[in-house]
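I opened a new notebook page for this protein and wrote down what I wanted to look up. The entries follow the order in which I looked.

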Amino acid sequence: MLRLALTFAATFLLSQAALADVYKFVDAQGNVQYTDKPALLPAEKLALQSRATDAAEVASRAEADRARAAASTATQQQATAQQADQQGAQQLTATAKAEQCVKARERYASYTTSRRLYEALPDGQRRYLSDTELNAARESARAAMDAMCN
């Protein structure tokens with residue numbers, strides 16, 4: 001019997017809390033305030049209706065929010081990976097260009113310090129370049145060095 005009375009009293013108190021009035025008033029600074037116990041009068045009583053929370057709807061909203069967050073995170077990670085790949089490619093390009101510049105400088109230095117340049121023939125023999133061909137080769141090496149190192 002006591003248990004039944006306590007259950008009834010708890011149900012009554014909860015229903016009264018759910019039906020509590022909400023008031024709207026403007027304070028001295030001009031800010032709009034909402035409360036269940038107005039400090040200032042007159043306060044406008046708002047006609048609000050409350051409903052019980054649908055647990056399934058809350059769960060579905062939370063799941064949708066998690067899915068959106070996961071999709072956003074995946075998109076952000078993909079963009080970060082793509083940016084890292086681009087930076088890596090730029091570094092490789094810069095490294096390759098620096099290596100090509102070093103090789104071009106070495107080739108030019110070799111051409112300018114050599115008295116005789118030759119080209120290898122398919123049968124293993126050497127054909128030495130004439131003075132005109134030697135000057136053209138040196139000029140070509142200098143142009144290649146300028147192109148690679150600038």
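Below are my entries, topic by topic.

**Entry 1: the model and its confidence**

I noted before anything else that this is a predicted model. The mean pLDDT of the protein chain is 81, and 85% of its residues reach 70 or more.

**Entry 2: the order of the elements**

I counted three helices and five strands in the protein chain, and reading along the sequence I wrote their pattern as α-β-β-β-α-β-β-α.

In which order do the three strands of the open sheet lie? I found the order E2-E1-E3, with antiparallel pairing. Strand E2 (32-35) and strand E3 (44-46) are at the edges, and each has a single partner strand, so one side of each has no neighbour in the sheet. From one strand to the next, the twist averages 30°.

I went on to the individual pairings. Strand E1, residues 22-26, pairs with E2 in the antiparallel sense over four bridges, while three bridges join E1 to E3, again running antiparallel. E1 and E2 form a hairpin with five residues between them, and in its turn I found Gly30 with a positive phi of about 90°.

I listed which residues face each other across the strands. Val26 stands opposite Val32 in E2, and Phe25 stands opposite Gln33 in E2. On the E3 side, Tyr23 has Lys45 opposite it.

I then turned to Tyr34, which is in strand E2. Tyr34 has a relative accessibility of 54%, and because the cut-off for exposed is over 50%, Tyr34 counts as exposed. The C-alpha atoms of Tyr34 and Val22 are separated by 6.8 Å, although these two residues are twelve apart along the chain.

**Entry 3: the aromatic pair**

I searched the whole structure for aromatic pairs and found one. Such a pair is described by the distance of the ring centres and the angle of the planes. The ring centres of Tyr118 and Tyr128 are 5.8 Å apart and the planes are at 65°, so I recorded the pair as edge-to-face, the cut-off for that class being over 60 degrees. Tyr118 belongs to strand E4 (residues 118-120) and Tyr128 to strand E5 (residues 126-128), and the two are ten residues apart.

Both rings also have a charged neighbour, and I noted each one separately. Arg116 lies over the face of Tyr128, at 4.1 Å from the ring centre. The charged end of Arg126 sits over the ring of Tyr118, 4.2 Å from its centre. For accessibility, I wrote 41% for Tyr118, which is partly exposed, and 38% for Tyr128, which is partly exposed as well.

**Entry 4: the disulfide**

How many disulfides does the structure hold? I found one, and the disulfide joins Cys101 to Cys149, with an S to S distance of 1.9 Å. The bond links distant parts of the chain, since Cys101 is in helix H2 (residues 55-113) and Cys149 is in helix H3 (residues 131-149), 48 residues apart. The torsion about the S-S bond of Cys101 and Cys149 is about 110°, so the disulfide is right-handed.

Cys101 is buried, with a relative accessible area of 11%, whereas Cys149, at 21%, counts as partly exposed.

Terms used:
Residues are numbered from 1 along each chain as its sequence is written. This is a predicted model: local features need pLDDT of at least 70, side-chain atom pairs count only at pLDDT 80 or more; totals for chains, interfaces and linings use all residues. Side-chain values use heavy atoms; hydrogens and water are left out. Rings of Phe, Tyr and Trp (its six-membered ring) pair if their centres lie within 6.5 Å; planes under 30 degrees apart count as stacked, over 60 as edge-to-face and the rest as tilted. Buried means under 20% relative accessible area, exposed over 50%, partly exposed in between (1.4 Å probe, protein chains only). A charge sits over a ring if NZ of Lys or CZ of Arg is within 6 Å of the ring centre and within 35 degrees of the ring normal. pLDDT is the predictor's confidence in each residue, from 0 to 100. Two strands pair if DSSP finds at least two bridges between them. Axes are lines fitted to C-alpha atoms, for helices over the stretch in contact, and angles run from 0 to 180 degrees between N-to-C directions. A disulfide is a pair of cysteine sulfur atoms within 2.5 Å.
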